[in-house]
Structure formats: C-alpha cells, structure tokens
Amino acid sequence: MHSFLHFHHTQEFAERRCSAEGQWEGKPGSPSNHHGWTNYTPCYSPELVQLFRKLYAGGNDNEVNDKIDIAERTRTLETVGFSLSLVALIISLIIFYKFRGLRNNRTRIHKNLFVAMVIQVVIRLTLYIDQAIIRSGGKKFGNESSRQGIDNTPFLCEASYVLLEYARTCMFMWMFIEGLYLHNVVTVTVFQGRFPHTLYAIVGWGGPVVLTVIWAITTAHYIRQQKCWWGYNLTPYYWILEGPRLAVVVLNFIFLLNIIRVLIVKLRQSHTSDVEQVRKAVRAAVVLVPLLGITNILNMTQAPLDKTALEFAIWSYVTHFLTSFQGFFIALLYCFLNGEVRSALMKSISVYLSLRGHHDWAVRRQSLFSAGYPTVPVNEAPHAGDTNRNTNRNAASNNLLASANNHTANGGMASSSANGFRCGWFSRCFLVQKHTNPSAPEPAPPESVVFDISD
C-alpha cells in the first residue's frame, strides 16, 4: 500500500484553526489542546477522502493500524507470488519455443498470453522493489526524496504505470482469446479453416493500445496535479480500462458455463454416472478458471476497508494470492502438467541419454511416454496455422469421451460439442469460412480443449 503522503495535491493548503481563547482547535468533536489538530483533507482528492472515511469508519485507531499492517504483509505475499509466476512463465516460454512438436494453434495463444503476463509481472516487481528501496531510505533518513528512483521521478513513474496497465490489458485480451478459441472448438458447428492469428494479434496487442492511450490522456488531463498519478485506480476514469477487463471476465465466464454444459451433455450420452459427471465437470472448471482469468473478478471489487480487520484480511490475502500466483498456476496446468510437453521433454531426455550410451533406458522411456501422450495431434502439422483444416464435431465429442473414460493424465485437451448448437455473433467475428473438400475424409479434431488432469 502506498504511503498516504503520495496522494496529496501540492498546490492545496492544509488547515489549522485557532480558537477565540488563543489555543489551537482540536479534531472536530474533541476539545482544544496545546498541540491542536491539522486538517489535511483539502490536500487529498475526493476519492482518497472517501477511502479515508471507510478506513476510519470504525473509529478505532488500533484497527486502522491492523489493516495497514495487513496491507504491508499482502505486499510481501504479492512479491513472492509474482516472483514464482515469473520464473514459471519464463521456463514455459522457453519450452514452448524450443520444441517444434509443441508449435500448434493452442500454444500460439498460450505464448502470447505468457508474454503479456511476463511483461506485467516484470514491471510490477520492478515498481515494488523500487518502492521498498525508497521507503526504506525514507525510514532511515527521514525523507523519501533522499533516494532517487522510479517512485519519485517525474514522467518515468507515470510511464511505468501506463506500460503496466497496457500489459495488464493485453493479458485480459489474450485470456478472452483463450476463452473464445476454446469455446469455438467445443461448441461451434463450423470450425475455422485457417487459424486467424493476425486477427487475434490485433485484438490481443493492438486493442489495448487504443484503450491505454485514451485512459492515459484522460488521466493526465484530470489528475496531473497528483504526484505520479497516485490513486489513479480510485478515479472513475480508470474504468476506461477496467470496464473492458470486466467484460472479458463476464464473457469468459459465459464461455466456461457453455463448455461445461457441452461436457455434461456428452457425458450423459455416454451413460456416465452422475457422480462421475459432477467430478469431471468440476475438474474441467477448476482447470479452466485461471486460464480464463475469472479469479480476477475479486480484484475488481472494492476493498472492504469499512469492515473488520478480519474481513479485510480474508479479502486481501485471498484476492492477492489468486492474482499474484495466477501465472504460476497457468504455467503449471498448461505447461508442466501438459502431456504433450512432458512427452516432448522425455523424448529430448531419451535422445540425450541414448547418445551417451543409455540405450535401454531411452527406448523404454520413449515407448512409455510416446504411446500415451502424442506430442502433436494427428491432423495438425507443426505449422497448422498455414494450412486449411476441417473438423468433425462427432469425432471431437468422441475424443473427449475417450479421454474422460480413460482418466488420462496427459493434460491435453479434449474437444466436444452439442448437436444443433450454432455459431454466435462473437464467434462469426473471429472465424474464417470453412474450406470443404468432399473427396477428402474428415480428420480428427485439431486440438483438445478441456484438460483432463489425473485423479
């Protein structure tokens, strides 16, 4: 939590009143005293004044101090979570770029999402470390300006937050593309013949540029008096960015519900027991929730500063844990636990060991993993985005059921769709017409869609 002194307007004045008796007036409702009381309210923005009122709503200074301590401990939790996420995401990107067998449409989207998350995490950790260094200098020397950094450098500080919000918006847009792509594979009758990577790139990287520029110009115009735009996320102008992000979360939640609906329908058609249906649906939902960014809805709600310290602690720890460890969980589920990734890694290890004389181990391990976890779907070449492909919805459904019934641990995706479900308006905007070839047989679906984590 930033120091409250950063939120003041440098061109405003604090107030201190002298009573008729020649003594300084105390706080409203308190008697006059020798030291008096200084009113700094005019120096703060209306948004921060409202925040102070919520923080001091209980009237207990001890509880206020407890909430500030909770916020400081939350910053430590965030630093640990973002650090782990950064390491996991970088390793995942190295794996995705190194192995040609992992280059398919799904991992293309994953890589863009991971890059956006890495940029956001790097900037955020840089700002956190910079603030910690400057604040430590302020406590040691009694003045934060004794140390120069991003936190107290004009233009550089504002530019850092603009880039941070751009990266965060890119992350949400690529989460939307993840949800749209998965939803189309599972439910849309006509799947794209050619992967619209250019269109996805425009939406994922270009769209946030427009939103961020509009927000930055508006913010710079209205709160330019505040140092480094402190408290910009409390202003209504922040919804220029937060509104589209909230829309992404809502749309991805709708996608998730529809994917789960289709999964349950196909499980019922395969005469799976009710308990098994619930278990598989819950497992699919748990795996997809972090990828679609649905957990970010908690971070978009207002902090319960007017509640008790316990309620604030629960909200703060849960919200920032999910936010900071989100990159770690996504990398874990969609890279480290993914069967295609593990198969590619095992093959690489097998080749390495076989070149050094460990032929028996290499053959045995390669046979075991290659049989269960294909690295590339049978109908998708490494550069499938450059070729036209057809998809059979019934084959997709059968693959999903086969994956579910075998309880595989490959972390790959299984696609399915419900008969009669037609493409919605949002799908038509991102789909290319299917190129049919009556003489050619329908291949299997290009990729799987719902992870089937081991029991």
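Helix packing in a predicted model

Biologist: How do α8 and α9 lie to each other?
Modeller: In this predicted model, helix α8 (residues 309–324) and helix α9 (residues 326–336) pack with axes 4 Å apart, at an angle of about 50°. Roughly parallel would need an angle under 35 degrees, and roughly perpendicular 65 to 115. The two helices, α8 and α9, are therefore oblique.

Biologist: How many nonpolar residues are in the contact of α8 with α9?
Modeller: From α8 the contact takes Phe321, Leu322, Thr323 and Ser324, and from α9 it takes Gln326, Gly327 and Phe329. Four residues of this contact are polar and no residue is charged, which leaves the nonpolar count at three.

Biologist: α9 also meets α2; what is the orientation of α2 to α9?
Modeller: The axes of helix α2 (residues 61–98) and α9 cross at roughly 30° and come within 7 Å. The cut-off for this class is under 35 degrees. That makes the pair α2 and α9 roughly parallel.

Biologist: How many charged residues does the contact of α6 with α7 have?
Modeller: The crossing of α6 past α7 is right-handed. Among the contact residues are Leu256, Ile260, Leu263, Leu267 and Arg268 of α6, and Lys280, Ala281, Ala284 and Leu288 of α7. By class, 12 are nonpolar, two are polar, and the number charged is two.

Biologist: What span is expected for helix α4 at 1.5 Å a residue?
Modeller: Helix α4 runs over residues 156–187, a total of 32 residues. From first C-alpha to last, α4 reaches 46 Å, close to the expected span of 46 Å.

Biologist: How many residues of α4 are buried?
Modeller: Across the 455 residues of the protein, the buried share is 48%. Helix α4 is largely enclosed by the rest of the structure, because of its 32 residues the number buried is 28.

Notes:
Residues numbered from 1 in each chain as written. Predicted model: local features only at pLDDT ≥ 70, side-chain atom pairs only at ≥ 80, totals over all residues. Heavy atoms only, no water. Left-handed = near helix turned anticlockwise from the far one by under 90°. Contact = heavy atoms within 4.5 Å. Nonpolar A, V, L, I, M, F, W, Y, C, P; charged D, E, K, R; others polar. Expected span 1.5 Å × (residues − 1). Buried < 20%, exposed > 50% of the residue type's maximum accessible area, 1.4 Å probe, protein only. Axes fitted to C-alpha atoms, helices over the stretch in contact; angles between N-to-C directions. Parallel < 35°, antiparallel > 145°, perpendicular 65-115°, else oblique.
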